[in-house]
Amino acid sequence: MKAQTHKMTVSMDEHTSHLEQFKAFFKQLDEDGTTIEKLPRHRIEEYQLKAINATLTHIWNGNAYYRAQLEEAGFTVPEIESLEQLSKVPLLNKNVIRGDKQKILCLDPKEIGQVHLTSGTSGKPIYTSYSLADQYVYDLLPKYLELFKETDADVAAIALPYEFALPGLGFQRLYQFAFGTAVLSLGKGGYMAPVDKSLELMKEFQATVLTTTPSYAALLAEESEKFGIKIGEDIRLKKILLTGEGCSNTFRERLEKWWGCEVSFFYGSTECGVVAVECSEHKGYHVMEGHVKVEIIDPITLEKLPYGKTGEIIVTTLLREAMPMVRYRSGDIGFLQKSKCNCGITMDVLHLRGRMENMVRIGDEDYSPFMLEHFLMEIPDVGMWYHFKLKQGSLKIEAEPFRTELTDEQLAAKIRQHMADRIGIECEVEIRHDIPRTFGKATRIFN
Ligand SMILES: [Zn+2]
């Protein structure tokens, strides 16, 4: 079968934008039979510098806040001469745009096609506005045929929230418009979408792809047993794409075993859209360098960090007209590597370590929650629902047994021993049989 090419293109009547110039670049790649994924670095970086400068001009002309920030930083023209100079552009903090729908809007409000909100676990949400062209034209310009193999022969089940946030509708557009894939809009916990109905629909229409969160992928697998639906027989997936919550590689591998298919991670946000996607090598996530430029900074000094150093992930969107995010502080921690990946993709590799506020301090050490999860998931008798509770530098683990012969006491002792071997401290362990399942984001860390 022929690999997917974009199924349809959309044009807007009498639309003009600073982004029109990039259509030719991506069209040329098409004609050359390639994508941005495998371009030599200098060509990717040439494109990124052009796209950043186009964005800087656009925000300079279209938004008073952005312009004032740039002027204050000493810019007299909205232009940088090299990608290194991007670090001279001011950072954008969440608290500046939280609750303020106009602050960085660069178009007339009547040009807005869609508003998305962040889940806003603390305080007011962040409103992210998109123009129709953002969603249906520019967001679909870069193709990633190595990372996405879906075609119109696939059926994609999307078990992500469709209300407010970007994920459900974002994947819906990607699958329908880019790949021509039939979509089952399962949603996630809406009152029209109970778990049994969702599984039934996946079975009936023979879904081949599932896009959901790590915890919901576990929940669906767990519940399928209750409803007599056999994974691998009644539902035979080719691929699961995880997003929304982060997870450890061990958690991901458990899902691969459970579902009997490849499971890859998709890192993005409602503010920035797609940021990075895991390739079939599963050694980090390739930055979607057609869509974003990613940098890493020290979250205290705000200095840019080199490849290999862990810090805060900073995202600049390259193909947005309504609300470009320029040097946006994501609040996520990770590090970048130059790609030496066997998959042949030349786009940088991002290693995600989790949200800054979820870093776990035990004794004198900071641990990524994914690292602790990885250690816990190394024990096959432990289920996929757990809590880490932090109190004054000590850790309490609440875990569930999973298909094990061990008594609760034996399992608790096993976890205590394993974690002591891994992190060098004794932690308290409680075996529970009632850790609540959730349709929302799974909360696993309690500080
Ligand atoms: Zn790769």
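Student: At what angle do helix 9 (residues 249-259) and helix 10 (residues 369-377) pack?
Tutor: This is a predicted model, in which local features need pLDDT of at least 70, side-chain atom pairs count only at pLDDT 80 or more, and totals for chains, interfaces and linings use all residues. Residues are numbered from 1 along each chain as its sequence is written. Helices (H or I, at least four residues) and strands (E, at least two) are DSSP runs, numbered from the N terminus. The axes of helix 9 and helix 10 are 7 Å apart, and with axes fitted to C-alpha atoms over the stretch in contact and angles running from 0 to 180 degrees between N-to-C directions, the packing angle is about 50°.

Student: How is the orientation of helix 9 and helix 10 to each other described?
Tutor: Angles under 35 degrees count as roughly parallel, over 145 as roughly antiparallel, 65 to 115 as roughly perpendicular and the rest as oblique. The angle between helix 9 and helix 10 is about 50°. The two helices are therefore oblique.

Student: Which residues of helix 10 make the contact with helix 9?
Tutor: Two residues are in contact if their C-beta atoms, placed from the backbone, lie within 7 Å. Helix 9 contributes Asn249, Thr250, Phe251 and Arg254. On the side of helix 10, the contact is made by Glu373, His374 and Met377.

Student: How many polar residues does the contact of helix 9 with helix 10 have?
Tutor: Ala, Val, Leu, Ile, Met, Phe, Trp, Tyr, Cys and Pro count as nonpolar, Asp, Glu, Lys and Arg as charged, and the others, Gly among them, as polar. By these classes the contact has two nonpolar and two charged residues. Its polar residues number three.

Student: How far apart are the end C-alpha atoms of helix 8 (residues 214-226)?
Tutor: The expected span of a helix is 1.5 Å times one less than its number of residues. For the 13 residues of helix 8, the span should therefore be 18 Å. In agreement with this, the end C-alpha atoms are separated by 19 Å.

Student: Which helices do the buried residues of helix 8 pack against?
Tutor: The buried residues are Pro214, Ser215, Tyr216, Ala217, Ala218, Leu219, Leu220 and Ser224. They pack against several strands, including strand 3 (155-159), strand 5 (209-212) and strand 16 (382-391). The helices they pack against are helix 7 (195-204) and helix 9.

Student: Which residue with a positive phi follows helix 6 (residues 167-179)?
Tutor: Helix 6 has 13 residues, which should span 18 Å, and its end C-alpha atoms are 17 Å apart, which agrees. Its buried residues include Leu169, Phe171, Leu174 and Phe179, and what covers the buried residues includes strand 3, strand 4 (182-185), strand 5 and strand 8 (273-278). The residue that follows, with a phi near 70°, is Gly180.

Student: What is the phi of Phe164?
Tutor: Most residues other than glycine have a negative phi. Phe164 lies in the loop between strand 3 and helix 6, and with 16 C-beta neighbours inside 10 Å it counts as partly exposed. Its phi is positive, near 65°.

Student: Is Arg327 buried or exposed?
Tutor: Arg327 lies in the loop between strand 11 (311-317) and strand 12 (328-337). Its phi is positive, near 50°. Since 20 other C-beta atoms lie within 10 Å, Arg327 is buried.

Student: How far apart are the C-alpha atoms of His387 and Ile397?
Tutor: His387 lies in strand 16 and is partly exposed, with 18 other C-beta atoms within 10 Å. Beyond its neighbours within four places in sequence, His387 is in contact with Glu398, Ile435, Arg444 and Phe446. Ile397 is ten residues from His387 along the chain, and their C-alpha atoms are separated by 5.8 Å.

Student: What is the radius of gyration of the chain?
Tutor: The chain has eleven helices and 19 strands, and buried residues make up 42% of its 447 residues. The radius of gyration is taken over C-alpha atoms, and the globule rule is 2.2 Å times the number of residues to the power 0.38. A compact globule of 447 residues would have a value near 22 Å, and the chain agrees, with 22 Å.

Technical notes. A residue is buried if 20 or more other C-beta atoms lie within 10 Å of its own, exposed if 12 or fewer, and partly exposed in between; C-beta atoms are placed from the backbone.
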